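Let's take a walk through this one together, a question at a time. Have the sequence and the 3D view ready.

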Amino acid sequence: RDYPDYYVIIRQPIAMKTIRRNAKARRYTSVADFHRDWKLMFDNARTYNEEGSMVYDDACTLQRALEATLSEKTGDSFATAMGTQSPLPAAFSAALQQSASALPPAAAPKASTSPGAVFAGNGVASPTAPPAPTDNHYDAVPNGDESHGPGL
């Protein structure tokens, strides 16, 4: 997988394709259940991606739009906080910082590597590397992969 640390950081991965499949199969018993899965996806995007990144900002924008639409259509309030799913456990965060500080400074990535994805020369993926650009950054999972990747 392209982002092995994603499944360490994100405890409950979910993708747009999963939400769409659940909706088509009528697995949601309420609008609140439908909203809960979308919120989980947005929280996952903000937890894994840096604040200010395109994915982080898009998660906030899309969450506000979804919640406004659900509130308007149902008459109920679906507005929720824009926080992350959960902070990284302190032990994991400390270990990640210690590991990152032991690595040499980042150099320009190799031509076959997405920008910022690899620390210089050691092949260790950066935990905060942005996802590789796609034709449409709103795609749930690039290339039809069902692995529930790091983006939206």
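Q: Which helix do the buried residues of α2 pack against?
A: Keep in mind that this is a predicted model. Helix α2 covers residues 16-24, and its buried residues are Met-16, Lys-17, Thr-18, Ile-19 and Asn-22. Those buried residues pack against α3.

Q: Are α2 and α3 roughly parallel or antiparallel to each other?
A: Two packed helices are described by the angle between their axes and the distance between the axes. Here the axes of α2 and α3 come within 10 Å and cross at roughly 170°. Angles over 145 degrees count as roughly antiparallel, so α2 and α3 are roughly antiparallel.

Q: How many nonpolar residues does the contact of α2 with α3 have?
A: On the α2 side, the contact is made by Met-16, Ile-19, Asn-22 and Ala-23. From α3 come Phe-34, Asp-37, Trp-38 and Met-41. Sorted by class, there is 1 polar residue and 1 charged residue, and the nonpolar count is 6.

Q: Is Val-31 buried, partly exposed or exposed?
A: Val-31 sits in helix α3, which spans residues 31-48. Buried would take under 20% relative accessible area, and exposed over 50%. Val-31 has 33% relative accessibility, so Val-31 counts as partly exposed.

Q: Which residues does Val-31 touch, leaving out those up to four places away in sequence?
A: Let's look further along the chain. Asp-76 is 45 residues apart from Val-31, with 9.9 Å between their C-alpha atoms. The residues that Val-31 touches are Leu-70, Thr-74 and Phe-78.

Key:
Residues numbered from 1 in each chain as written. Predicted model: local features only at pLDDT ≥ 70, side-chain atom pairs only at ≥ 80, totals over all residues. Heavy atoms only, no water. Helix = DSSP H or I, 4+ residues; strand = E, 2+ residues; numbered from the N terminus. Buried < 20%, exposed > 50% of the residue type's maximum accessible area, 1.4 Å probe, protein only. Contact = heavy atoms within 4.5 Å. Axes fitted to C-alpha atoms, helices over the stretch in contact; angles between N-to-C directions. Parallel < 35°, antiparallel > 145°, perpendicular 65-115°, else oblique. Nonpolar A, V, L, I, M, F, W, Y, C, P; charged D, E, K, R; others polar.
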